[in-house]
Amino acid sequence: EFRRVLFRSNPSGLIAGSYRGTVTITSSGATNSPQTINVELAVSAPQFSPLGLVGGASFTTATVSAGGIVSLFGTGLSSATASATSLPLPTVLNNTQVTVNGANAAPLFYVSATQINFEIPWEVLGQPQITITVTSGGVPSLSETITLAPLGPGIFTINSAGTGQGAVQIANSNPPAFAAPTGSIPGAVAQPVPRGQYITIYCTGLGDVTPRPADGAAAGSSTTLQPVTVSLGGQTLPATQFDFAGLAPGFVGLYQVNKQIPTAAVTGTAVPLFITVGSVQSNTVTIAVQ
């Protein structure tokens, strides 16, 4: 016979913070008695789950990798909204800090009550798992274990959700123009990219680079160690003279891939595009080609 057991915690007298413990249930009539259950309690502390940490471009847990931009979703993460205004990125914003493996303070782009955007420090490169702790107002969250991908390619998109029109610009366009249907992006120039022209794909999670910048510091001319290929309309684009894959100069955690659109490429207002790093494929986005 199945019976539900409910219990309620009483946090009175506890200082703000996160607690872990056990509850033991005993029944004289049960053959599997006693049973011990792990419990967690957060008292006025930041809270998040391992599933709340996702790649900043594709918004999936599979794209969390060292050196990349990630987003953490939860509650009580910060008492107010704040954004970094200079480089190198700060490791504390609005008295909020993210610590990796208990020692490495992560560079922060943005904090709010429900979301933090930050760079995974390079120091954890090659580790299969890391622990994340958020401290807000001096009160730490429970530390959560996160799976770290060696490579986690993700292409940024206009809707900031990892789908649809990609954050892909026509290289050297003036003013800067997205390779998208004409007039489709409010507040930005958008037009289809002509065949034969180069595009710049903005992404993250492409792995180690050389030279490797310091955590939170603006990148120079750093190139990826792993090969990067681009698929457009179901066809892998051939290598060309001015191909580039590496960190975007002047930015943190942001990669760019420069690639030429072949003269025989598929045309249309929503041609599917994705990148592959090593053997790991990114999310699929769309661009306009004419």
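A strand here is a DSSP run of E residues at least two long, and a helix is a run of H or I at least four long, both numbered from the N terminus. By that count, this predicted model has zero helices and 26 strands.

**The whole protein.** Start with everything shown. Of the 290 residues, 44% count as buried. Take the contacts between residues at least 6 apart in sequence: 59% of them join residues at least 24 apart.

**The sheet.** Next, select strands S3, S4, S9, S8 and S5. They form an open sheet of five strands in the order S3-S4-S9-S8-S5, with antiparallel pairing. Strand S3 (53-55) and strand S5 (82-83) are at the edges with a single partner strand each, so one side of each has no neighbour in the sheet.

Look for Val 111: opposite Val 111, in S9, stands Ile 116.

**Asn 117.** Stay in strand S9 and select Asn 117. Is this residue buried or exposed? The relative accessible area of Asn 117 is 18%, and buried means under 20%, so Asn 117 counts as buried. The side chain of Asn 117 makes a polar contact with the side chain of Gln 115, at 2.9 Å. Leaving out residues up to four places away in sequence, Asn 117 touches Val 70, Ser 71, Leu 108, Phe 109 and Tyr 110.

**The second largest pocket.** Now select Gly 56, Ile 69, Phe 109, Phe 156 and Leu 254, which lie nearest the centre of the second largest pocket among its 17 lining residues. The volume of this pocket is about 270 Å³. Its lining consists of eleven nonpolar and six polar residues, with no charged ones.

**Two cis peptide bonds.** Go to the loop between strand S14 (168-170) and strand S15 (177-179), where Pro 175 lies. The peptide bond from Asn 174 to Pro 175 is cis, with omega near 5 degrees. Then move to Pro 211, in the loop between strand S18 (209-210) and strand S19 (223-224). The bond from Thr 210 to Pro 211 is also cis, and its omega is near -10 degrees.

**Two asparagines with positive phi.** Finish with Asn 94, in the loop between S5 and strand S6 (96-100). Asn 94 is not a glycine, yet has a positive phi of about 50 degrees. Its relative accessibility is 32%, which counts as partly exposed. Asn 101 is in the loop between S6 and strand S7 (104-105). The phi of Asn 101 is positive too, at about 55 degrees, and Asn 101 is partly exposed at 29% relative accessibility.

How values were computed. Residues numbered from 1 in each chain as written. Predicted model: local features only at pLDDT ≥ 70, side-chain atom pairs only at ≥ 80, totals over all residues. Heavy atoms only, no water. Pairing = 2+ DSSP bridges. 1 Å grid on protein atoms, 1.4 Å probe; cavity = no way out; pocket = protein on both sides within 12 Å on 5 of 7 lines; lining within 4 Å. Points joined across faces, edges and corners; volume = space filled by probe spheres on them. Nonpolar A, V, L, I, M, F, W, Y, C, P; charged D, E, K, R; others polar. Buried < 20%, exposed > 50% of the residue type's maximum accessible area, 1.4 Å probe, protein only. Polar contact = N/O pair within 3.5 Å; in protein donor to acceptor, adjacent residues only side chain to side chain. Contact = heavy atoms within 4.5 Å.
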